[in-house]
Amino acid sequence: MAKSKQLANKQKIDGYQIEDGFSQLEGKKKIEMLKKMYQIRYFEEQTEQFIIRGMIHGTCHLYTGQEASAVGAVYAIGGDDYITSTHRGHGHCISKGADLKRMMAELLGKKTGYCKGKGGSMHIADIESGNLGANGIVGGGLGIATGAGLTCKMKYANEKMVLCFFGDGAANQGIFHESVNMASIWGLPVIYFCENNIYGMSTPTDDAFNIDKISDRKLAYGIEGLTIDGNDVAQVYNTVAHFAQACRKGKGPVLIEAQTYRWKGHSKSDAQVYRSKKEVKEWMQKDPIKRYAQKLVKEDVMGEAEVSQLEEEVGNTIAEAVDFAKESAFPSPSEVEDDVYFVKQ
Amino acid sequence: MRKITYLEALREAMQQMMREDEDVFLLGEDIAEYGGAFGVTVGMLEEFGKERIRNTPISEAAIVGVGIGSAVTGMRPIAEIMFSDFLTIAMDQIANQAAKIRYQFGGKAKVPLVVRTPGGGGTGAASQHSQSLEGLVAHIPGLKVVMPSCPYDAKGLLISAVYDGNPVIFIEHKLLYKNKKYVQDVPEKAYKVPIGKADIKRKGKDITLVASSFMVQRSLSVAEMLYEEQGTDIEVVDLRTLRPLDISLILESVKKTGRLLCVEEAPIFGGFMGEVAAQVTEKAFDWLDAPPHRVAGRNCPVPYSLVLEQEMIPSEERIKKGVEDILTAV
């Protein structure tokens with residue numbers, strides 16, 4: 001009896017038997033994950049408005065449509081674990097618990113922002129909470145994540161681990177090869193989490209890879225790896241939780257490819273001539289948030305009314321963040337050369 | 001005290017730090033059994049084991065990247081890049097990651113990473129194993145650049161670099177490593193030589209000669225020779241640190257001598273000494289009795305053939321000629 005129950009609790013995902021830990025989560029946790037997904041969605045919708053109104057000094061890469069990947073993956077690791085993020089990093093950052101006010105302030109270049117206005121969208125980091133930063137260089141986080149993994153092994157005996165987000169584009173950078181190989185030979189606790197959103201800027205993965213699955217590259221490094229539905233938050237959660245446990249036992253690293261899609265253009269200047277409206281529409285119909293909300297309603301975790309209430313709540317939080325950001329002061333020009341170097345007090 | 005070589009001084013610094021501090025570790029190519037391409041880490045595997053004397057695959061970008069990631073999360077890595085020419089293979093990590101992390105995150109991260117690497121020519125290793133790329137890295141805000149010229153400074157500066165809290169590119173010189181001519185009394189206990197402080201290696205009153213690394217040694221022998229031959233008294237200022245630059249010591253010296261001669265191994269065009277000359281011109285123009293002069297590498301890659309290599313890199317004769325020129329300049 002016990003055995004069959006255990007079997008029922010496992011799902012086969014791309015050849016791996018993965019424990020369905022998600023279904024064991026408390027309802028509260030499941031709702032919190034939905035809330036995070038809405039936070040990301042509305043944060044990005046607000047950011048888009050800022051872009052349209054010319055309030056973003058530089059550029060932004062919106063995460064809209066990929067929410068299940070960030071939330072599912074980050075919720076499957078511990079609060080003390082590390083993440084590295086990408087140029088499309090708002091979702092990772094929010095999932096890791098970043099303060100929306102300070103994020104919004106950073107986008108507007110304000111002194112109260114996470115980086116005091118020195119980093120902007122592509123460089124939001126919060127080292128204390130384990131967020132080792134977004135990165136403006138495609139693949140820029142891979143080496144850093146691997147190094148953080150080495151700290152986890154040498155200093156924390158794998159009790160801590162690293163979740164390294166990168167995109168399909170980064171999988172063709174040299175640092176991907178060097179990092180994953182190094183993590184493999186040293187057995188580092190790093191989950192290399194590739195968000196395949198089908199385009200590296202305008203170039204489709206079909207033009208950039210001659211393999212069916214990016215996770216097939218696991219063979220080159222002698223590690224585990226699989227491809228999952230990145231728009232299914234429960235599947236993402238279960239897969240990352242499964243391999244996070246393996247990492248803590250010293251069985252890392254792993255290569256996970258999460259298939260997803262970005263709804264918006266690459267950055268603010270993208271006319272999207274490389275893809276059809278029909279294609280975008282088809283993916284929007286597979287909205288990871290709607291899908292998850294429906295699942296929670298169907299499973300009686302929450303009612304339709306509660307979903308609407310949650311959306312409204314998140315909307316208010318975003319409005320507060322916007323007010324905070326707008327009201328915050330710009331940095332003083334005299335601060336321009338501060339923070340270049342660490343100076344001993 | 002005992003006399004030891006530059007290489008021995010570097011190794012002793014690392015050994016002492018590693019005995020005291022578990023967070024200090026080394027990573028790099030062939031640094032374990034082999035002891036590093038130039039033998040700096042010979043014997044360290046036996047004492048510290050392969051977890052802390054971490055041999056890597058030939059992956060310069062990941063060596064530096066892993067160094068950065070481990071530094072940001074609390075370790076004190078010392079990465080060895082086998083030849084300074086290979087810094088270019090890791091340049092994204094150095095220029096876009098290590099140098100930028102603190103600033104772009106609003107001063108909330110620390111990157112206590114040291115990248116040790118041998119630079120310079122004179123070994124017949126030709127264009128891809130002989131470059132002097134200090135100017136390239138010194139140009140990037142966020143990096144510190146250190147170039148010791150002698151065993152005493154090598155030990156003290158390396159200990160300072162590891163505990164500086166910033167990414168430090170620590171450029172050693174192949175011709176200094178084992179040369180018995182440059183052995184020096186070095187204290188056995190650990191000590192620090194401050195980063196950002198230049199040093200007067202020879203006091204003099206006629207000319208201020210600014211150099212770093214091996215060019216300090218070459219300049220010192222020219223200075224002694226000229227003093228004996230013709231009584232020209234050259235003050236040799238060893239930069240020790242290129243960034244941050246100790247311009248005040250240089251200005252002080254120039255205000256005394258009225259003449260500035262910069263000697264560097266790198267090609268003269270766009271070289272680091274152009275910065276020194278510019279700052280001295282801006283800040284001490286009225287004290288100068290002659291325009292600042294530069295003796296530097298020729299504007300070509302480092303060639304292979306001995307006769308060509310000797311022509312490319314400043315020789316004693318060229319430094320002497322530089323001294324003559326600046327003394328006869330109006």
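Visitor: Which residues of helix H12 of chain A are buried?
Guide: This is a predicted model. Helix H12 of chain A spans residues 288–298. Seen down its axis, the buried residues fall within an arc of 130°, so they line one face of the helix. They are Pro288(A), Ile289(A), Tyr292(A) and Ala293(A).

Visitor: Why can residues three or four places apart in a helix point the same way?
Guide: The answer lies in the helix repeat.

Visitor: What covers the buried residues of H12(A)?
Guide: The buried residues in question are Pro288(A), Ile289(A), Tyr292(A) and Ala293(A). Their cover includes four helices of chain A: H2 (27–52), H3 (67–75), H10 (233–248) and H13 (304–327).

Visitor: Which residue with a positive phi follows H12(A)?
Guide: Most residues other than glycine have a negative phi. After H12(A) comes a residue with phi near 65°, and that residue is Asp300(A).

Visitor: Which residues have the most contacts inside the largest nonpolar core?
Guide: That core has 193 residues. Its largest share, nine residues, comes from H10(A). Chain B takes part too: domain 1 (2–186) and domain 2 (199–328) each give at least three residues. The residues with the most contacts inside the core are Leu163(A), Cys164(A), Ile191(A), Val240(A) and Ile256(A).

Visitor: What is Leu163(A) in contact with, leaving aside neighbours within four places in sequence?
Guide: Leu163(A) is among the residues with the most contacts inside the largest nonpolar core. Two others of that group, Ile191(A) and Val240(A), are also its contacts.

Visitor: Which helix gives the most to the side of chain B that touches chain A?
Guide: Across this interface, 33 residues of chain B are in contact with 36 residues of chain A. Helices H3 (60–72), H4 (91–98) and H5 (101–104) of chain B each supply at least two residues of that side. With nine residues, the helix that gives the most is H3(B).

Visitor: How many residues of domain 1 of chain B are in contact with domain 2 of chain B?
Guide: The assignment gives domain 1 as 2–186 and domain 2 as 199–328. Their centres, taken over C-alpha atoms, are separated by 26 Å. Domain 2 brings 25 residues to the contact, and the count for domain 1 is 26.

Visitor: Which elements of domain 1 of chain B each supply at least two residues of the side that touches domain 2 of chain B?
Guide: By class, this side has twelve nonpolar, eleven polar and three charged residues. The suppliers include both helices and strands. They are H6 (134–138), S6 (144–146), H7 (151–162), S7 (168–173) and H8 (174–177).

Visitor: Where is Pro253(A), and what is omega at its cis bond with Gly252(A)?
Guide: Most peptide bonds are trans. Pro253(A) sits in the loop between H10 and strand S9 (254–259) of chain A. The cis bond joins it to Gly252(A), with omega about -5°.

Visitor: Which residue is joined to Pro244(B) by a cis peptide bond?
Guide: Pro244(B) lies in the loop between strand S12 (241–243) and helix H10 (247–257) of chain B. Omega of the bond is about 0°, and the partner is Arg243(B).

Visitor: Why does Met201(A) count as partly exposed?
Guide: Met201(A) lies in the loop between strands S6 (199–200) and S7 (203–204) of chain A. Its phi is positive, about 55°, although it is not a glycine. Buried would need 20 or more C-beta atoms within 10 Å, and exposed 12 or fewer. Met201(A) is partly exposed because its count of C-beta neighbours inside 10 Å is 13.

Visitor: Is Ile207(B) buried or exposed?
Guide: Ile207(B) is found in strand S10 (207–211) of chain B. Its contacts beyond four places in sequence include Ile234(B), Thr257(B) and Val323(B). It has 26 C-beta neighbours inside 10 Å, so Ile207(B) counts as buried.

Key: Residues numbered from 1 in each chain as written. Chains lettered and ligands numbered in written order. Predicted model: local features only at pLDDT ≥ 70, side-chain atom pairs only at ≥ 80, totals over all residues. Contact = placed C-beta atoms within 7 Å. Arc of directions from axis to C-beta. Core = buried A, V, L, I, M, F, W, Y, C linked by C-beta atoms within 7 Å. Domains from an automatic or database assignment. Nonpolar A, V, L, I, M, F, W, Y, C, P; charged D, E, K, R; others polar.
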